[in-house]
Amino acid sequence: MAAERYDYIIIGAGSAGCVLAGRLTEDPSARVLLLEAGGKDNSLLVKMPAGVGSLLSAKGDYNWGFWTEPEPHLDGRRLWWPRGRGWGGSSSINGMIYIRGHARDYDQWRQMGLRGWSYPDVLPYFMRSETLEKGADAYHGGEGPLHVSTAASRHPVFSSFIAAGGQAGHKLTDDFNGYQQEGFGPFQLTIKDGQRWSASAAWLRPALSRPNLTTETGARTTRILIDKGRVVGVEFVQAGQTRQVYADAEVLLSAGTVQSPQILQLSGIGDPESLKTAGLTTVHPLPGVGANLQDHLDVILSWETPNLKTAWSHSKGLNRLTTGLSYMLFGQGFGRQNFLEAGAFLKSRPDLDRPDLQLHCVMAIMKDHGKVAVPKDGFSIHVCQLRPESRGKVALRSADPFDDPAIFAGYLATDEDLRALRQGVAIARDVAGQKALTAIRGGEVEPGESVSSDADVNAWIRRTAETIYHPVGTCRMGAADDPFAVVDDTLRVIGLSGLRVIDASVMPTLVGGNTNAPTIMIAEKAADMILGRPAPPPMDVPIYGDAEGARRP
């Protein structure tokens, strides 16, 4: 039987993999195979924005449902790590918030020696990917596959939250992805006409009719095939059968921050000591594989709204059935909402050059990722630290490719990380104490007024903090003198030909915000690199707080 051969093999149909499949098959001569361990994104829960809570809270067809190892600075707790499985990956289960991060995040990458990754370099790719519902401008695109709308539910929780931020003396902004990130304002959302607009909807599904794209679902990659320093193909298991396929041009690893390093390690690519511990032979030593793990740690404060209906009232009893039927039959009703339409980017210290805290306002009392239902109406304010100093790692639990990897997140390993979160709690409480919110809220549910001293708040943070789903960095991009770099600034794996990593794992540092939009940008830029297309000219636009021309690295 002749070997199956393609030009490009993409491992993973998550956000980056969908973009790559869509962009590479625009060239009709390119033969592309897309491998996905999960299935198709056909569920109503995926399409309906209100389904986000069910998708994030349970392991299943659309969620790998990982757990960390016991976290030493979080009272030894193992933390729940949802990661998307199936077409669209995490863009099919996330909160649908479209945030790019701060412009200086990308300038920092350029200052680390990564050519072509400054804000002026990456802005054209953000814009290329996007159609902003209200129309293109200097910061936003109007012709891209990813539809982005501005939050518009008009629920008083969100308008009151934004107004309270202004009353507390903070800035206001109408576009977190434009001139001014800092302040309170409405989120932009990857929702179109009341439906989740995932990377699958934007890039993969339009490409399915192209004869040069082959997709395989239920295809669990077990290793990358290497011959004399070149990656030549992929081995995967599907329906209990082991198959091997071969790439004449490149293998593109887009399995995400957890599984991209896992697949590299299973293939003998990584730190020799770690591989030896797992019972594997080193094929290509790269000590940085799995290291440099960074994530946004999050705490949730909540208040009752005794005279205002929120998600609880809309989803209890028969209302839950009515919501589902209204959405399924007519595309209308409460199911069109993601419950999470306003937020803020703030500084925990005035001397910082960009916000290091993000607030998410949720029209529900949240507890344990939605796993625990709180039977009352209310709202929550999530507080996450945007730029943690702490680092963790992803390692193999064993040489069995079907074992979940071991995740050592390393949260709160530094005093600064704890201080920033504690200050974020104080800021959120101050905002909740402003007239706009006291007019609609009752008592504080979590952490409760008895938690007031620094020591009490510290203990509460260690007892309750969780991920807000933004892990990055485990196959980090680095300059030539970086001994722990896994890929170079063209995303090629260092020391091997025929292999690139293209997903959130390549980010050298966390960006200041949700990570789906940056992951999509990385894949858009990678597609140009792979196809040999010139990068668009840099776009230098002003950002708040910079003198003209002073920002460029």
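Predicted model: local features only at pLDDT ≥ 70, side-chain atom pairs only at ≥ 80, totals over all residues.
Helix H1 (residues 15-24) and helix H7 (residues 199-207) cross at roughly 35°, and their axes come within 8 Å. The crossing of H1 past H7 is left-handed. On the H1 side, the contact is made by Ser-15, Cys-18, Val-19, Ala-21, Gly-22 and Arg-23, while H7 brings Ala-199, Ser-200, Trp-203, Leu-204 and Ala-207.

In soluble globular proteins, nonpolar side chains tend to be buried together. Here the largest nonpolar core has 83 residues, and Leu-264, Leu-499 and Ile-502 have the most contacts inside it. Helix H15 (residues 516-531) gives the most to this core, with 8 residues.

Next, have a look at Tyr-125, which sits in helix H5 (residues 119-129). Tyr-125 counts as buried because its relative accessibility is 1%, below the 20% cut-off. Tyr-125 and Ile-522 are 397 residues apart along the chain, yet their C-alpha atoms are separated by 8.1 Å. Beyond its neighbours within four places in sequence, Tyr-125 is in contact with Met-521, Glu-524, Lys-525, Asp-528, Ala-535 and Pro-536.

You will find Arg-100 in the loop between strand S4 (80-81) and helix H4 (103-111). With a relative accessible area of 2%, Arg-100 is buried. What does the side chain of Arg-100 meet there? A polar atom of that side chain lies 2.7 Å from the backbone oxygen of Tyr-139, and a polar contact of 3.4 Å joins the side chains of Arg-100 and His-140. Setting aside neighbours within four places in sequence, the contacts of Arg-100 include Tyr-106, Leu-123, Phe-126, Met-127 and Glu-130. Asn-177, Val-511, Ala-517 and Pro-518 are also among the contacts of Arg-100.

Finally, some backbone geometry. Most residues other than glycine have a negative phi, and most peptide bonds are trans. The table gathers the residues to check against that background.

| Residue | Backbone feature | Value |
|---|---|---|
| His-369 | positive phi of His-369 | about 60° |
| Tyr-469 | positive phi of Tyr-469 | near 80° |
| Pro-447 | cis peptide bond from Glu-446 to Pro-447 | omega near 5° |

Where do these residues sit? His-369 is in the loop between strand S19 (357-362) and strand S20 (378-385), and Tyr-469 is in the loop between strand S24 (466-467) and strand S25 (499-501). Pro-447 belongs to the loop between strand S23 (444-446) and helix H14 (454-464).

Is His-369 buried or exposed? At 8% relative accessibility, His-369 counts as buried. Tyr-469, with a relative accessible area of 22%, is partly exposed.

Conventions. Residues numbered from 1 in each chain as written. Heavy atoms only, no water. Helix = DSSP H or I, 4+ residues; strand = E, 2+ residues; numbered from the N terminus. Buried < 20%, exposed > 50% of the residue type's maximum accessible area, 1.4 Å probe, protein only. Contact = heavy atoms within 4.5 Å. Core = buried A, V, L, I, M, F, W, Y, C linked by side-chain atoms within 4.5 Å. Polar contact = N/O pair within 3.5 Å; in protein donor to acceptor, adjacent residues only side chain to side chain. Axes fitted to C-alpha atoms, helices over the stretch in contact; angles between N-to-C directions. Left-handed = near helix turned anticlockwise from the far one by under 90°.
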